[in-house]
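Me: I'm new to protein structures and would like to learn how to read one. Could you take me through a few features step by step?

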Amino acid sequence: MNGTSLDSGLSALLTKLDTTVLRRTQGLEQQVKMLQDELLKMTERMKRINELPPAGTMPNFALESQGARVLPQLSSKTYRSTNPSLSIRIWNFLTSFWRPAADQSIVTQGGPMEVGRCWPFPGERGHLVIALSHPVTISHVTLGHISKTVSPTGSISSAPKMFSVYGVKTEEDEGTLLGTFLYDQDDESVQTFKLSDQEAGVFCHVKVQVESNWGNPDYTCLYNFRVHGTI
């Protein structure tokens, strides 16, 4: 073997070694990133558990039975599915049934969160405006959705992901941004969030602006939304 062949073989070996090391390094970097993300999620969960009072221990000023009401004229439209909820074959005829979608008010009714008992709006971006039962200085908000464990598909891709909350003083008011939050699909089904700025004023209305969901391209579902604070 001459020197040229030896150099070529050595060069090829070093190139292969570099490629292998690079792949392993990239794999380790991905694993470290995944561990960092999981640690961040766990830290945020523990922070909420330790610092935030349970939603059930605070008054809810977005509760319909207490006097709150949804303003449909200022909210997004309801998603209407073109697919039947149920199809039954009777003799040689296939009969389809459509289950009417719930309207916006179901979000403030405070009933049990059952699969499908929600308000759907088209796409991943939409909003809901609620007239509160009392003028309130808002301290916390709570967003509820069914969990993956009770979902028939094991997925909650239609759950909100990023959402913003605005305090609104009158129906003509554009609103004051009170905070933007992440609803974690892998956390508890009911999640409470503390507003960073509680000195923004007293508000008679709240606007919930959903910025994204967990992957459903057709619609997003809101099950339950609560507003906490002091009169």
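Reply: We will talk about a cavity, a residue in its lining, and some aromatic rings. Please keep in mind that this is a predicted model.

Me: Happy to start with the cavity. How many cavities of 30 Å³ or more does a search of the whole structure find?

Reply: A cavity is a space where a probe fits but cannot get out. In this structure the search finds 1 cavity of 30 Å³ or more. The space inside the largest cavity comes to about 30 Å³.

Me: Which residues line the largest cavity?

Reply: The lining is made up of Ile106, Gly111, Pro112, Met113, Arg117, Tyr223 and Asn224. Sorted by class, that gives 4 nonpolar, 2 polar and 1 charged residues.

Me: Let's pick Asn224. Is Asn224 buried or exposed?

Reply: The cut-off to remember is that buried means under 20% relative accessible area. Asn224 has a relative accessible area of 6%, so Asn224 is buried. You can find Asn224 in strand β11, which covers residues 224-230.

Me: What is Asn224 in contact with, leaving aside its neighbours within four places in sequence?

Reply: Asn224 touches Val107, Gly110, Met113, Thr142, Leu143 and Gly144. Met113 also belongs to the lining of the largest cavity.

Me: Which side chain makes a polar contact with the side chain of Asn224?

Reply: That partner is Arg226, and the polar contact between the two side chains spans 2.8 Å.

Me: Now for the rings. How many aromatic pairs does the search of the whole structure find?

Reply: There are 5 aromatic pairs in the whole structure. To read one, look at the distance between the ring centres and the angle between the planes; planes over 60 degrees apart count as edge-to-face. For Phe163 and Phe193, the centres are 5.4 Å apart and the planes stand at 75°, so this pair is edge-to-face. The pair links distant parts of the chain, with Phe163 in strand β6 and Phe193 in strand β8, 30 residues apart.

Me: Why does Phe163 count as buried?

Reply: Phe163 counts as buried because its relative accessibility is 0%. Phe193 is buried too, with a relative accessible area of 5%.

Me: How is the pair of Phe181 and Phe193 arranged?

Reply: This pair is tilted, with 5.2 Å from centre to centre and 35° between the planes. Phe181 sits in strand β7, 12 residues from Phe193. Together, ring pairs link Phe163, Phe181 and Phe193 into a cluster.

Methods
Residues are numbered from 1 along each chain as its sequence is written. This is a predicted model: local features need pLDDT of at least 70, side-chain atom pairs count only at pLDDT 80 or more; totals for chains, interfaces and linings use all residues. Side-chain values use heavy atoms; hydrogens and water are left out. On a 1 Å grid over the protein atoms alone, a cavity is a set of points where a 1.4 Å probe fits but cannot get out, and a pocket is an open set with protein on both sides within 12 Å along at least five of seven lines; lining residues have an atom within 4 Å of a point. Grid points are joined across faces, edges and corners, and a volume is the space filled by probe spheres set on the points. Ala, Val, Leu, Ile, Met, Phe, Trp, Tyr, Cys and Pro count as nonpolar, Asp, Glu, Lys and Arg as charged, and the others, Gly among them, as polar. Helices (H or I, at least four residues) and strands (E, at least two) are DSSP runs, numbered from the N terminus. Buried means under 20% relative accessible area, exposed over 50%, partly exposed in between (1.4 Å probe, protein chains only). Contact means heavy atoms within 4.5 Å. A polar contact is a pair of N or O atoms within 3.5 Å; within protein, one must be able to donate a hydrogen and the other to accept it, and residues adjacent in sequence count only if both atoms are side-chain atoms. Rings of Phe, Tyr and Trp (its six-membered ring) pair if their centres lie within 6.5 Å; planes under 30 degrees apart count as stacked, over 60 as edge-to-face and the rest as tilted.
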